Amino acid sequence: MSENDKPFTAYSFQQYLNQGQLKASQCVDCQKIYLPVRAICPDCGQSNMDWIELSGKGKLAAYTSVYIGPSFMNERGYGRDKPYLTGIVELEEGPRISARLLGLDPENPSKIKIGTPLVYSGIEIGDGDGNSIQLAFKAGE
Amino acid sequence: MPDNHKKLARGVSLVGAGMSKFGSFPEKSSRDLFIDAFQEMSKSVDKDFDPQRIEYVCIGNFSSDLFEGQSHIAPIMADAVGLVPRAAVRVEDACASSGVALRQGIMGIASGLYDVVLVGGVEMMTKLPTSQVTDTLAAAGDVLYEIPVGFTFPGFYAAMASAYFDRYGAAPEDLMQVALKNHANGALNDKAQFGVTIPDWMEKRKRSAEKKGRPVPEWKDEWDFLHDDRANPMIAWPLRLFDCSPITDGATAAMIVADDLAKEFTDYPLKIIGSGQASDYPMHDRDDLTSIGAAKLAAQEAYQMAGVTAKDIQLAEVHDCFTIAEVIASEDLGFFEPGTGYSQAEKGTTTRDGEIPINTSGGLKAKGHPVGASGIGQVVEIFKQLRGRAGERQIKGDLKLGLAHNVGATGQTCVVHIFQREE
């Protein structure tokens with residue numbers, strides 16, 4: 001199975017992340033790029049997608065510092081005394097995606113600026129086997 | 001978008017509405033709460049009301065499966081109020097479940113299939129510990145792309161607030177004004193979970209500390225209290241505890257009938273003159289994070305069906321699951337220009353004696369937010385206000401038009417209804 005035969009699913013997206021690649025789907029007919037990946041293009045209605053690798057560059061569109069998190073983040077030591085940042089990143093290629101935010105201070109969220117340049121950076125959140133990379137971006141050009 | 005100029009094939013009226021007390025009820029089950037709501041609704045129907053005239057039951061519920069380990073609750077609710085063997089259906093659209101249940105009931109009558117329909121909502125949330133409630137609510141987000149990166153529901157709305165603050169220069173204090181207003185309204189609602197003003201709450205905390213022999217906090221005023229990290233902790237910046245609606249048990253019920261039957265039930269029916277609903281992408285796929293697209297479209301559909309505009313609406317119950325959500329709703333519904341909603345609570349425009357009172361019930365913020373029941377909880381308030389039966393919190397003047405705005409999740413669903421008092 002060649003790379004571009006991978007189905008346009010969240011599972012495939014995660015497999016690429018685990019290999020260190022940030023990929024999106026692109027409609028072959030109308031060229032629109034989608035992340036989260038889509039199998040059907042909502043713009044032109046066709047199902048003619050290709051995988052493309054993204055530059056990983058983007059900017060901050062919206063964010064929050066989470067003090068009361070979900071169980072799986074609490075289990076990783078986050079919580080009231082250790083908040084974490086998450087938000088929405090607008091990628092250079094156009095699409096926006098939800099992601100963890102690194103290299104910015106979760107204790108001083110009011111100092112963070114919308115529009116801050118970001119670059120892709122995965123976070124290993126599994127057993128260190130590279131099989132569960134959480135989507136994250138860090139501050140930087 | 002489909003043609004939204006369509007009208008209902010047959011008019012629908014609201015003839016009864018009621019709710020259980022909202023709060024935390026370890027000794028009750030969801031069916032007990034639904035019985036409470038049904039009984040209050042039945043009492044609100046003025047004329048002799050035979051419940052056996054109900055032909056169809058439509059119940060909003062987000063997640064009895066996870067909250068109570070009970071699926072398939074619609075027939076259970078119908079049974080609890082003596083309505084077996086009527087067709088009973090559960091509607092799930094996250095926190096918009098019962099607003100959408102109302103719309104489904106309306107469609108049932110407009111289609112000609114039924115004449116008399118019971119709509120309602122129920123949610124029993126406090127049986128789970130808070131961390132599991134957070135996880136259960138998160139299931140209304142996108143579990144493939146949003147939840148795995150640590151978003152929570154307060155987090156989603158906090159992110160919208162970050163975009164709103166950046167564009168329009170609003171500040172956390174503007175959101176606190178919304179909380180102050182809604183708690184002031186909730187203090188006049190005996191059904192509210194936190195029916196107490198924030199200044200009274202603060203005094204209560206002081207007295208409680210004194211009683212327990214603990215150091216009494218020295219808050220100068222409610223602003224001091226709201227800025228105190230211990231009294232009002234950060235949940236997801238910039239939203240603190242008092243920016244968030246609570247975890248709530250509660251049930252709501254309303255009876256809707258074909259227009260031509262309304263006077264058989266009450267001399268004071270409300271006509272449901274507008275109904276609109278739309279969906280939207282997850283937050284990251286939206287172009288604008290300072291507005292909820294589905295709310296604008298649902299409002300547009302409802303206004304067009306009703307033949308009215310935002311300026312005609314005299315009161316609204318809007319989905320203030322978080323304080324920022326009320327601000328955004330007030331702009332999406334057209335009451336205020338984009339970027340101007342945040343200052344209206346402080347100006348008094350949205351208070352009970354303002355130009356457009358919003359959330360006179362206390363809103364989800366003070367009244368409580370049993371998620372699948374909240375949409376019809378809003379309808380209960382509109383029903384009371386338009387019929388002049390809202391007691392101490394009654395809005396003065398000749399009220400004819402009210403609106404209810406109910407949002408699911410981050411705005412992936414929104415449903416809007418407009419009610420008119422008959423002459």
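**Figure 1. Pairing of strands S1(A) and S3(A) in the predicted model.** In this predicted model, S1(A) and S3(A) run antiparallel and are joined by five bridges. One of the pairs is A:Lys23 with A:Glu53, the latter in S3(A). S1(A) covers residues 23-27 of chain A, and five of these five residues are buried, so the strand is largely enclosed by the rest of the structure.

Figure 2. A:Lys23, A:Ser25 and A:Cys27 point one way from the strand. A:Ala24 and A:Gln26 point the other way. Residues on both sides are buried.

**Figure 3. The hairpin of S1(A) and S2(A).** These two strands also pair in the antiparallel sense, here over two bridges. A:Gln26 has A:Ile33 of S2(A) as its bridge partner. Five residues lie between the strands of the hairpin. A:Gln31 takes a positive phi, near 70 degrees.

**Figure 4. A cis proline in chain A.** The peptide bond from A:Leu35 to A:Pro36 is cis. Its omega is near -5 degrees. A:Pro36 sits in the loop between strand S2 (33-34) and strand S3 (49-53) of chain A.

**Figure 5. A cis proline in chain B.** B:Trp237 and B:Pro238 are joined by a cis peptide bond, with omega about 5 degrees. B:Pro238 belongs to the loop between strand S5 (234-236) and strand S6 (239-240) of chain B.

Figure 6. Phi of B:Asn359 is near 60 degrees. The residue is found in the loop between helix H13 (344-347) and helix H14 (363-367) of chain B. B:Asn359 is buried, because 30 other C-beta atoms lie within 10 Å and the cut-off is 20 or more.

**Figure 7. B:Ala409, in a loop between strands.** B:Ala409 is not a glycine, yet its phi is positive, at about 55 degrees. Its loop connects strand S10 (401-408) and strand S11 (413-421) of chain B. B:Ala409 has 27 C-beta neighbours inside 10 Å, so it counts as buried.

**Figure 8. The setting in chain B.** Chain B contains 15 helices and 11 strands. Its C-alpha atoms fill a box of roughly 60 × 50 × 45 Å along the principal axes. Of the 423 residues, 60% count as buried. Among contacts with a separation of 6 or more, 76% link residues 24 or more positions apart.

Note on methods
Residues are numbered from 1 along each chain as its sequence is written. Chains are lettered from A and ligands numbered from 1 in the order in which they are written. This is a predicted model: local features need pLDDT of at least 70, side-chain atom pairs count only at pLDDT 80 or more; totals for chains, interfaces and linings use all residues. Helices (H or I, at least four residues) and strands (E, at least two) are DSSP runs, numbered from the N terminus. A residue is buried if 20 or more other C-beta atoms lie within 10 Å of its own, exposed if 12 or fewer, and partly exposed in between; C-beta atoms are placed from the backbone. Two residues are in contact if their C-beta atoms, placed from the backbone, lie within 7 Å. Two strands pair if DSSP finds at least two bridges between them.
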